[in-house]
Amino acid sequence: MKKRQFIWTLALCASLAAGGSFAQENGSIRDLFGNLLRGTEGAQSGTVDKRVPFGREEVQLSFAPLVKQTAPAVVNVYASQMVQQNSPFMGDPFFERFFGGGGAMPPREQSSLGSGVIVDKSGIVVTNYHVIRDADEVKVALSDGREFESKVILKDERVDLAVLRIESDKPFPTIPIGDSDALEVGDLVLAMGNPFGVGQTTTSGIVSALARNRVGISDFGFFIQTDAAINPGNSGGALLDMSGRLIGINTAIYSRGGGSNGIGFAIPSNMVRAVVTAAENGSDVFERPYVGAGFEAVTPQVAEALGLPKPSGALISSVDDDSPASRAGLKPGDVVLAMNGSAIEHVDALGYRLATQNIDAEVALTILRKGKETEVKVRLERAPEGKSNREITIDGNSPFGGAKVTDLSPRSADRLGLPTNLRGVVIVETARNSTAARVGLQPRDIVRAVNGRQIDTVEQMVAAAAQQTRLWRFTVERDGRLMTQVLRY
């Protein structure tokens, strides 16, 4: 190697003496010296695509052109809602006797601030679900000072994404959606948003890690981790690559004090693209392809028993009857190691990979069965609706007053983030300040029994809630656990 470097040095000196003709034929002298000092000849073959900066000129390069190109498409999102307040003396017999028993105070406006990204010139804006959650009004402000009322056309709590629409007689600036699967740890990125409401701000960093899961943010478990400074107010903003493409939506930070500690998380752009496509197709919910199988994490004990070198992949725990998984021959105990050639690091990674596929797509799963790897083709489908898709809001004087319920089916279960093989009656939502909310009932609770009656259908649920009694005993299933509550009215 030293001999080769010496020969290259002599050649460069000869080139300088000859007026630089050698350098003109083989690249700049600076590039040749750069490769020489690194001990590599990759520049000659054109195989080196990424490298560290070399020379003062490269260190002093600026992100300014990239920021000017993309900043107009990053917006501020203002969400507001009216919140009913109760008097601090509500329930006090003295004050209720002499000053009235209502105890209600005038409602006040509660607002939240976040960021968003315009991804289509017609006015399609992507932001986080938690930015606009329960909002009565959502406004979008552009960097040029224009402000628009927006309409929420799709929102999905599980992936923490929402799609808004704003309207104008002129096309909006946009940021193209890139391919997040092409990212590598160490790639340079920019984060743009409105931290702390101080105004549009750009920070730089690198991709610190990929496929992060179980970070306590939402059910979604496939985040891009970056050290670009992200703070409250950045949620919904853009994570950009060096080509000015959107490769993530900034979602959350890991912080003990509320500020950036250099660990931020973004939802990959491939998931963003899938959600935007669903919204553009007229859906108000993000519908995931149906596989018809339950998956669990591969623990170290399971990995050792199966002979895996490390705990990775997704263990199939159940297979629904007459489902794509059963027709493809998948069985409980199989371990999914890869999908379409992409390794499955954990069970959440499989959920992400499946969610970014189109309904009716065919995917190739690499599975481990009895110590041997094999490939299985699975045709994805739309989840079956079941016999009834009605959603009924329960009225009357019962613990379920104000709860919206529906029959569980593979489709309704998937929308709520529940296993698709569950059946029964599930609570879809509880009205604000309703009896159901006050007694602690939550969305995704499955009502199993009311006053000794088993509940299997919405009709049975409505009949049970209409009972004339002051003593209520009911059992709900929450996160796989049965809980019984007794109340007296």
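1. In this predicted model, E287 and R411 are joined through their side chains by a salt bridge, with an N to O distance of 3.6 Å. The pair connects distant parts of the chain, 124 residues apart: E287 lies in the loop between α9 and β14, and R411 in helix α13 (residues 410-415). Salt bridges with shared partners bring E287, R382, E385 and R411 together in one network. R411 counts as buried because its relative accessibility is 16%, under the 20% cut-off.

2. The whole structure contains 18 salt bridges. One of them links D156 with R288, whose closest N and O atoms are 3.0 Å apart. Here too distant parts of the chain are linked: D156 belongs to strand β6 (residues 151-156), while R288 is in the loop between α9 (269-280) and β14, 132 residues away. D156 is buried at 7% relative accessibility, and R288 is buried at 8%.

3. A further salt bridge is formed by the side chains of D241 and R245 (2.9 Å, N to O). D241 is buried, at 9% relative accessible area, whereas R245 is partly exposed, at 37%.

4. Strand β14 (residues 293-297) pairs with strand β15 (residues 314-319) in the antiparallel sense over five bridges, and G294 stands opposite S318 in β15. β15 also pairs with strand β16 (residues 335-339), again antiparallel, over two bridges; there L315 faces V335 in β16.

5. On the surface, F63, L188, I206 and M242 make up a nonpolar patch with about 310 Å² of accessible area together. F63 sits in the loop between α5 (56-59) and α6 (64-70) and is partly exposed, with a relative accessible area of 32%.

How values were computed. Residues are numbered from 1 along each chain as its sequence is written. This is a predicted model: local features need pLDDT of at least 70, side-chain atom pairs count only at pLDDT 80 or more; totals for chains, interfaces and linings use all residues. Side-chain values use heavy atoms; hydrogens and water are left out. Patches are made of residues with over 30% relative accessible area and no salt bridge: like charges are joined within 9 Å, nonpolar side chains (Val, Leu, Ile, Met, Phe, Trp, Tyr) within 5 Å. Accessible areas come from the Shrake-Rupley method with a 1.4 Å probe; for residues, only the protein chains shown count as cover. A salt bridge is a side-chain nitrogen of Lys or Arg within 4 Å of a carboxyl oxygen of Asp or Glu. Helices (H or I, at least four residues) and strands (E, at least two) are DSSP runs, numbered from the N terminus. Buried means under 20% relative accessible area, exposed over 50%, partly exposed in between (1.4 Å probe, protein chains only). Two strands pair if DSSP finds at least two bridges between them.
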